[in-house]
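Thanks for coming. I will go through one model today, helices and sheet in turn. Please have a look at it first.

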Amino acid sequence: MIELDQIDRKILAALQADGRISNLELAEQVGLSPTPCSRRIKRLEETGVIEGYAARISPAALGFGICVMVSVRLAKQSPDAASQFLAAIQGRPEITECLLVTGNVDYLLRVWVKDIEALRSFITEALQSIPCVAETSTMVILEATTSNRLLSVPGKARLRT
């Protein structure tokens with residue numbers, strides 16, 4: 001694991017808040033000149049601390065009206081069953097997150113669909129038809145009162161303004 005100093009943490013917090021910030025603006029915010037700032041960003045990217053950059057897009061703008069969490073229990077907990085399940089859901093555009101969890105279920109899926117008919121079709125045709133799936137349970141998200149997609153950057157990573 002890479003050791004992060006205060007400047008690295010400031011860079012991460014700033015990039016997380018605004019991934020399109022110019023190197024010049026970022027350097028000013030974190031108290032560096034542009035060249036060392038650029039070198040630090042490159043090091044953070046190369047070491048995997050920064051995994052990538054992306055735009056956050058409104059699901060509604062793409063026609064997705066329903067978000068659900070689907071818990072999946074496999075018929076048996078084995079590497080083969082897990083591999084079979086993961087292979088079957090690989091590439092499903094409805095699934096935006098697949099989490100291996102502990103407890104009474106094996107996986108928790110975040111799924112976005114257009115409408116109830118698309119949800120019914122996804123559950124019956126895409127999930128329940130997988131031979132190793134024993135049970136699914138779906139929770140419709142009615143409202144997301146807090147949605148913090150940003151990670152808290154530990155340490156005193158306050159930006160200088």
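Helices (H or I, at least four residues) and strands (E, at least two) are DSSP runs, numbered from the N terminus. Axes are lines fitted to C-alpha atoms, for helices over the stretch in contact, and angles run from 0 to 180 degrees between N-to-C directions.

The model is predicted, so local features need pLDDT of at least 70 and side-chain atom pairs count only at pLDDT 80 or more, while totals for chains, interfaces and linings use all residues. Residues are numbered from 1 along each chain as its sequence is written, and side-chain values use heavy atoms, with hydrogens and water left out.

Now the sheet. Two strands pair if DSSP finds at least two bridges between them. Four strands form an open, antiparallel sheet, in the order E2-E3-E1-E4. E2, residues 95-100, and E4, residues 133-140, are the edge strands with a single partner each, so one side of each has no neighbour in the sheet. From one strand to the next, the twist averages 20°.

Inside the sheet, E1 (residues 66-74) and E3 (residues 107-113) run antiparallel and are joined by 7 bridges. Which residue in E3 is the bridge partner of Cys67? That is Trp112.

Two packed helices are described by the angle between their axes and the distance between the axes. For H1 (residues 6-17) and H2 (residues 23-30), the axes come within 10 Å and cross at roughly 130°. That makes H1 oblique to H2; angles under 35 degrees count as roughly parallel, over 145 as roughly antiparallel, 65 to 115 as roughly perpendicular and the rest as oblique.

From H1, Ile7, Lys10, Ile11, Ala14 and Leu15 meet Leu26, Gln29 and Val30 of H2. By class, the residues of this contact are 6 nonpolar, 1 polar and 1 charged. Ala, Val, Leu, Ile, Met, Phe, Trp, Tyr, Cys and Pro count as nonpolar, Asp, Glu, Lys and Arg as charged, and the others, Gly among them, as polar.

H2 also packs on H3 (residues 34-46), at about 95° with the axes 9 Å apart. H2 and H3 are therefore roughly perpendicular. The H2 residues Asn23, Leu24, Leu26, Ala27 and Val30 meet Pro34, Cys37, Ser38 and Ile41 in H3. This contact divides into 7 nonpolar, 2 polar and no charged residues.

Conventions:
Contact = heavy atoms within 4.5 Å.
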